[in-house]
Amino acid sequence: MAYVTHATTKGGRDGRSVLDDGKLALAMALPKEMGGSGEGHNPEQLFALGWSACFGQAILLLAKKHGLDGQAAKVGCRVEIDKDATSFGLKAELSLSIPGADKAKLQALIEDAHQICPYSKATRNNIPVTLTVA
C-alpha cells in the first residue's frame, strides 16, 4: 500500500467534512443550483480538484514521451451532476492546454494520461468523460 487517507462527514451535503489527520476541514453545502445555500463546498468540487491534480501528474509523467513540456501544462476537470434515469449521475470533461503545443501531440498525450490516471481508471465505463485539448 502506497498511501491511505480517510475522511469523515457529518450532515451530508450540508454538513462538515474533515480529514482524520486534521489537515483539512470543510463546510459542505448543497449548490444553489440544486436548491441549497451554496455557502460551502460540495463533493463535485472536491472530485474536480482531486481529478485535475491526479490527471496533471499523469501529464507530467508522459509529456516528455510526446515531446511536450509537462511543466507548462494546464489541466482542467469539469464535473457535472444531474438527474439520470434512476437518480443522479455524474459526467466529466478533462481538458489540457500547453501554450504553443501541436494539437495532435496534445490529443495523444491526453489520451495516454487518461489510460494511467487512477481517477480515470476508477470512472472508466461508469460515467461519460470527454477529453478536450486547446
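Predicted model: local features only at pLDDT ≥ 70, side-chain atom pairs only at ≥ 80, totals over all residues.
Me: What makes β4 and β6 the edge strands of the open sheet?
Reply: The sheet has three strands in the order β4-β5-β6, with mixed pairing. β4 (74–83) and β6 (129–133) each pair on one side only.

Me: Why is β4 said to pair with β5?
Reply: Pairing needs at least two bridges. Here 10 bridges join β4 to β5 (residues 88–97), so the two strands pair. They run antiparallel. K83 stands opposite F88 in β5.

Me: How do you know that helix α1 packs on the sheet, and which strands are touched?
Reply: Contact means heavy atoms within 4.5 Å. Helix α1 (residues 43–62) touches β4, β5 and β6. The direction of α1 makes about 145 degrees with that of β4.

Me: Where does helix α2 lie?
Reply: Helix α2 (residues 103–116) lies across β5 and β6. It runs at about 150 degrees to β6.

Me: What describes the packing of α1 and α2?
Reply: Two packed helices are described by the angle between their axes and the distance between the axes. For α1 and α2, the angle is about 115 degrees and the axes are 9 Å apart. The crossing is right-handed. Residues W51, F55, A58, I59 and L62 of α1 meet L109, I110, D112, A113, H114 and I116 of α2.

Me: How do the residues of this contact divide into nonpolar, polar and charged?
Reply: Nine are nonpolar, one is polar and one is charged. Asp counts as charged, so D112 is the charged residue.

Key: Residues numbered from 1 in each chain as written. Heavy atoms only, no water. Helix = DSSP H or I, 4+ residues; strand = E, 2+ residues; numbered from the N terminus. Axes fitted to C-alpha atoms, helices over the stretch in contact; angles between N-to-C directions. Left-handed = near helix turned anticlockwise from the far one by under 90°.
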